[in-house]
Amino acid sequence: MRSLVSMRAVQLSGPHQFAVVDVPAPRPARGEALVDLRAAALNHRDVWIKAGAYAGLNWPVIPGSDGAGVVVEVADPSDADWVGREVVINPSFDWGSREEVQGAAFTILGNPRQGTHAQRIAVPVQQLAPKPTHLEWRQAAALPLAGLTA
């Protein structure tokens, strides 16, 4: 798949101020994979972010926590077996050492890190899981955050 210089994404520039815009396409850093998104889900967190009612918002932001797609590139040759695989993205980063509560470094895709309401996203390889073959793209995309909440 060819590299993109720019891509289309939903971008929020402030509360209730959103548009589909061209933004620079992400490139995977060391330990990351570039995922060509096939579906992205909405959840109530996106409503709070759109309204500006989510703690620690950084504008502009590409919202979206949940997503599924195909890995098109990796930064490290040791991760090359991911290229071409259908995946679901785990949007929860840096939970911390305590199972019962997240740590201070915990974040979720969509803020402060750019989210899944775009053509592509670069995420750490450890955040990827194989897409269940019995699920359609929309079902797989809705699984991580919304499924965990349910």
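## Gln 127, tucked into a loop

Let's start with Gln 127, which sits in the loop between β8 and β9 (128–130). The strands here (E, at least two residues) and the helices (H or I, at least four residues) are DSSP runs, numbered from the N terminus. Is Gln 127 buried or exposed? Gln 127 is buried, with a relative accessible area of 9%. Buried means under 20% relative accessible area, exposed means over 50%, and partly exposed is in between, using a 1.4 Å probe and protein chains only.

Which residues does Gln 127 touch, leaving out those up to four places away in sequence? They are Val 88, Ile 89, Asn 90, Ser 92 and Phe 93. A contact here means heavy atoms within 4.5 Å.

## What kind of model this is

This is a predicted model, where local features need pLDDT of at least 70, side-chain atom pairs count only at pLDDT 80 or more, and totals for chains, interfaces and linings use all residues. Residues are numbered from 1 along each chain as its sequence is written, and side-chain values use heavy atoms, with hydrogens and water left out.

Most residues other than glycine have a negative phi, and most peptide bonds are trans. Now for some exceptions. A cis peptide bond joins Trp 59 to Pro 60, with omega about -10 degrees. Pro 60 is in the loop between α1 (44–50) and β4 (67–74). Another cis bond joins Asn 111 to Pro 112, and there omega is about 10 degrees. Pro 112 belongs to the loop between β7 (107–108) and β8 (120–124).

Then there's phi. His 16 isn't a glycine, yet its phi is positive, near 60 degrees; you'll find His 16 in the loop between β1 (6–14) and β2 (17–24). Asp 94 isn't a glycine either, and has a positive phi of about 55 degrees. Its place is the loop between β6 (92–93) and β7, and at 55% relative accessibility Asp 94 counts as exposed.

## Salt bridges

Side chains of opposite charge can pair when their charged atoms come close. How many salt bridges does a search of the whole structure find? It finds 8, where a salt bridge is a side-chain nitrogen of Lys or Arg within 4 Å of a carboxyl oxygen of Asp or Glu. One of them pairs Glu 73 with Arg 27, with the closest N and O atoms 2.7 Å apart. That pair links distant parts of the chain, 46 residues apart: Glu 73 is in strand β4, and Arg 27 is in the loop between β2 and β3 (32–40). Arg 27 is partly exposed, at 47% relative accessible area.

Arg 98 and Glu 100 make another salt bridge, with 2.8 Å between the closest N and O atoms. Glu 100 is exposed at 59%, while Arg 98 is partly exposed at 48%. Arg 138 pairs with Glu 136, this time with the closest N and O atoms 3.6 Å apart. There's also a network: Asp 36, Arg 38 and Arg 120 are joined by salt bridges that share partners.

## The nonpolar cores

A nonpolar core is a set of buried Ala, Val, Leu, Ile, Met, Phe, Trp, Tyr and Cys residues joined through side-chain atoms within 4.5 Å. The largest one has 14 residues, and those with the most contacts inside it include Val 35, Trp 82, Ile 89 and Ile 121. Strands β3, β4, β5 (86–89) and β8 each give two or more residues to this core, and β3 gives the largest share, 3 residues. Apart from that core lies another, of 7 residues, among them Leu 4, Met 7, Val 23 and Ile 62.

## Rings and charges

How many aromatic pairs are there? The structure holds 2. Rings of Phe, Tyr and Trp (its six-membered ring) pair if their centres lie within 6.5 Å; planes under 30 degrees apart count as stacked, over 60 as edge-to-face and the rest as tilted. The rings of Trp 48 and Tyr 54 have centres 6.4 Å apart and planes at 25 degrees, so they are stacked. For Trp 95 and Phe 106, the centres are 5.1 Å apart and the planes are at 80 degrees, so this pair is edge-to-face.

Charges can sit over rings too, if NZ of Lys or CZ of Arg is within 6 Å of the ring centre and within 35 degrees of the ring normal. Arg 85 lies over the face of Trp 82, 4.3 Å from the ring centre. Lys 131 lies over the face of Trp 137, at 5.1 Å from the ring centre.
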